[in-house]
Amino acid sequence: MKLPRYEFQWFEREDHRRRHRASVSPDGLLRLGRLLCQSLPPFIRLGFDARQKVLAIANGRGEGIPLPRCGVVSARKLSAQIAATGLQLPVKFLFAEDPATGLFLGRVLPTRCRAAGPGRETYDTEQLRILYQHLIDFAVGSLARSTPLAERKASALEAFYAAVRDYRPGYGDLEAYLAAYIQRHLLAENRPYAAAYTQRSLDQPLVSGEGETFCLYDTLPAADAGGIDRVEERIMADQFWRSLSAREQTLSRMLREGRSLPQIAQALRLPEDRLMAMGRAIGEKRRQFYNAP
């Protein structure tokens, strides 16, 4: 009898004590884990990215902070910077060496707390919001721009909280899951607004009958391929044009036609300084419109 052949891939139990960890306490102390401390050079420099909430440790080359054997560094300014982001100290970081820069980069380890269900834990939702606000801002600024800004922000925040509630460790990387969830939600909520500016409704079902259908919006290429982006750009251009007054539209159109300022002043029977002021007003409207997020 021929025995079956197996190719097992054996896994050892993960030892989280072997991770490169550090924590910053309210009293201004940076406590470096023993393994991390052993991996660092004799002198270090500290940097903190308040937007990404990333702590960097670089080689001080003899000019930085001496690395103590006990792994505790006085860092009151660092504590103040972290607290200024809204995070509550102490904060724990998980470090990895970045091969491109040689820096040790540490991301915040989100705090877990017990949920209502027995044996379950959940994340500190407000801490996650502070940590991943940049995901919300990016989605609001780059997707679904035909949705009014206030609604876009509210929708993105609503999607974020829903994603936190739905997330499970088996879903993969938390940050990637949150970003994808927010983007899908914004695009879905944007369909009614995008449909109002197209010759054929983007959310008009392409198949008849009951049950699940798909629509034109679903068939557009991904944003990075330019499909949705092109639609959004056209919608935004139309919205901006309609936000201008009739006289501002006329000035803008005549400038695009290549007419000089004296020619426009004569045609509109307006002094040139008035036209200059109108042009500056149009420019300011454009900056506010496109940079609103």
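Let's start with a definition: buried means under 20% relative accessible area, exposed means over 50%, and partly exposed is in between, using a 1.4 Å probe and protein chains only. Keep that handy, because Lys285, at 30% relative accessibility, counts as partly exposed.

Before we go on, this is a predicted model: local features need pLDDT of at least 70, side-chain atom pairs count only at pLDDT 80 or more, and totals for chains, interfaces and linings use all residues. Residues are numbered from 1 along each chain as its sequence is written, and side-chain values use heavy atoms, leaving out hydrogens and water.

Now to the sheet. Helices (H or I, at least four residues) and strands (E, at least two) are DSSP runs, numbered from the N terminus. Two strands pair if DSSP finds at least two bridges between them. Here we have an open sheet of eight strands, in the order E5-E3-E4-E8-E7-E1-E2-E6, and the pairing is antiparallel. Which strands stand at the edges? They are E5 (65-66) and E6 (72-74), each with a single partner strand, so one side of each has no neighbour in the sheet.

Let's look at one pair. Strand E1 (residues 20-24) and strand E2 (residues 29-32) run antiparallel and are joined by three bridges. Val24 stands opposite Leu30 in E2.

Next, helix H2, residues 76-84, lies across E1, E2, E3 (43-49), E4 (54-59), E6 and E7 (91-97). Contact here means heavy atoms within 4.5 Å. H2 runs at about 15° to E3, where axes are lines fitted to C-alpha atoms, for helices over the stretch in contact, and angles run from 0 to 180 degrees between N-to-C directions.

On to salt bridges: a side-chain nitrogen of Lys or Arg within 4 Å of a carboxyl oxygen of Asp or Glu. How many does a search of the whole structure find? Three.

One joins the side chains of Arg129 and Glu126, at 2.9 Å from N to O. These two are three residues apart in helix H3 (residues 125-131), so about one helical turn separates them. Arg129 is partly exposed at 25%, and Glu126 is partly exposed at 39%.

Another is between Glu248 and Lys285, with the closest N and O atoms 2.8 Å apart. This pair links distant parts of the chain, 37 residues apart: Glu248 is in helix H9 (residues 246-256) and Lys285 in helix H11 (residues 272-290). Glu248 is buried, at 8%.

Finally, Glu257 forms a salt bridge with Arg259, the closest N and O atoms being 3.4 Å apart. Glu257 is partly exposed at 48%, and Arg259 is partly exposed at 38%.
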